[in-house]
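The questions below concern the model shown here. Look over the sequence and the fold before reading on.

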Amino acid sequence: MCARLLEVANRSSFRRTGEPVATVRDAISVMGVPMALSQALALALDTGSSFRSPALAQSARHHQAQAEAVGSEAQKLALVLGKKALEFQTAGLLSRMGELAVLNVMDQFVQQGGELTEGDIENGLREWAKQYGNTLKVQWRLPLAIRQMSGAVHYLAREDVRQNLLIMRVAGLIAGGQAENPECSRLLRHLGLEDWLESRKKTSDTGSG
């Protein structure tokens, strides 16, 4: 945790004076308590390194990376729309909680001598991740708004035009490599950001050049 906080605080986007951040206290001061808590959540959900099964560990790393990508994209969209970004990033980080929890149960099974094929892993995730994740979110008494936002990453009814949920669905599509999907374009129009991806791409190309 200390290493993660120091690494994030020393990224160029957080550095203010040009001097390296060397203590956890300074790191939290630089990034702020909400961002520090968000980093703690991301690390708490990252359980892949403790898995005994290489296949399960690889799957966990994939879903963890997806969750972090969704959180990052949701944060960017929220800031563009003048919203507080932390709850969007949190919802994104929680968007793969069901998958990570199911993988953890599977690894416990392996540690007790069980065997799983790749097909078993895929079927288990498909059948149980959503249900298990929703159950955990209720048991942990997460706010309904956060639960709905994290769920919208995976699915949002066409008639649902609540802005916070639109943001999360767009973030899920972009993080999943579906920025060109017609659904993504439609939702961005609803948000008034139909040209946002193109302008971001031009900015990125200019910066890399």
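Helices (H or I, at least four residues) and strands (E, at least two) are DSSP runs, numbered from the N terminus. The model is predicted: local features need pLDDT of at least 70 and side-chain atom pairs pLDDT 80 or more, while totals for chains, interfaces and linings use all residues. Residues are numbered from 1 along each chain as its sequence is written, and side-chain values use heavy atoms, with hydrogens and water left out.

Q: How many helices and strands does the protein chain have?
A: Along the sequence, the chain follows the pattern α-α-α-α-α-α-α-α-α-α-α. The count is eleven helices and zero strands.

Q: What percentage of the residues of the protein chain count as buried?
A: Buried means under 20% relative accessible area, exposed over 50%, and partly exposed in between (1.4 Å probe, protein chains only). The protein chain has 209 residues, and the share that counts as buried is 42%.

Q: Among contacts between residues at least 6 apart in sequence, what percentage join residues at least 24 apart?
A: A contact means heavy atoms within 4.5 Å. Of the contacts in the chain between residues at least 6 apart in sequence, the share joining residues at least 24 apart is 59%.

Q: Are H4 and H6 roughly parallel or roughly antiparallel to each other?
A: Axes are lines fitted to C-alpha atoms, for helices over the stretch in contact, and angles run from 0 to 180 degrees between N-to-C directions. H4 and H6 pack with axes 10 Å apart at an angle of about 170°. Angles under 35 degrees count as roughly parallel, over 145 as roughly antiparallel, 65 to 115 as roughly perpendicular and the rest as oblique. The two helices H4 and H6 are therefore roughly antiparallel.

Q: Which residues is Met 106 in contact with, leaving aside its neighbours within four places in sequence?
A: Met 106 is found in helix H6 (residues 97-111) and counts as buried at 10% relative accessibility. Its C-alpha atom is 8.1 Å from that of Leu 116, ten residues apart along the chain. Beyond neighbours within four places, Met 106 contacts Leu 56, Leu 116, Asp 120, Ile 121, Gly 124 and Leu 125.

Q: The side chain of Gln 64 makes a polar contact with the side chain of which residue?
A: Gln 64 is found in helix H4 and, at 5% relative accessibility, counts as buried. A polar contact is a pair of N or O atoms within 3.5 Å; within protein, one must be able to donate a hydrogen and the other to accept it, and residues adjacent in sequence count only if both atoms are side-chain atoms. At 3.0 Å, the side-chain partner of Gln 64 is Glu 68.

Q: At roughly what angle do the axes of H4 and H9 cross?
A: Helix H4 (residues 54-80) and helix H9 (residues 163-175) have axes that come within 8 Å. Their meeting residues include Val 70 and Leu 77 in H4 and Ile 167 and Ile 174 in H9; by class, the residues of this contact are eleven nonpolar, two polar and one charged. H4 and H9 are therefore oblique to each other. The crossing angle is roughly 130°.

Q: Which residues of H5 meet H9?
A: The axes of helix H5 (residues 86-93) and H9 come within 11 Å and cross at roughly 50°, which makes H5 oblique to H9. On the H9 side, the residues are Asn 164, Ile 167 and Met 168. On the H5 side, they are Glu 87, Phe 88, Ala 91 and Gly 92.

Q: A polar contact of 3.0 Å joins the side chain of Arg 169 to which residue?
A: Arg 169 lies in helix H9 and counts as buried at 12% relative accessibility. Not counting residues up to four places away in sequence, Arg 169 touches several residues, among them Tyr 155 and Leu 187. The side-chain partner at 3.0 Å is Glu 183.

Q: Which residue caps the N-terminal end of H10?
A: The buried residues of helix H10 (residues 182-190) are Glu 183, Cys 184, Arg 186, Leu 187 and Leu 188. The helix is followed by Gly 192, whose phi is positive, near 75°. At the N-terminal end, a side-chain oxygen lies 2.8 Å from the backbone nitrogen of Glu 183, and the capping residue is Asn 181.

Methods: Nonpolar A, V, L, I, M, F, W, Y, C, P; charged D, E, K, R; others polar.
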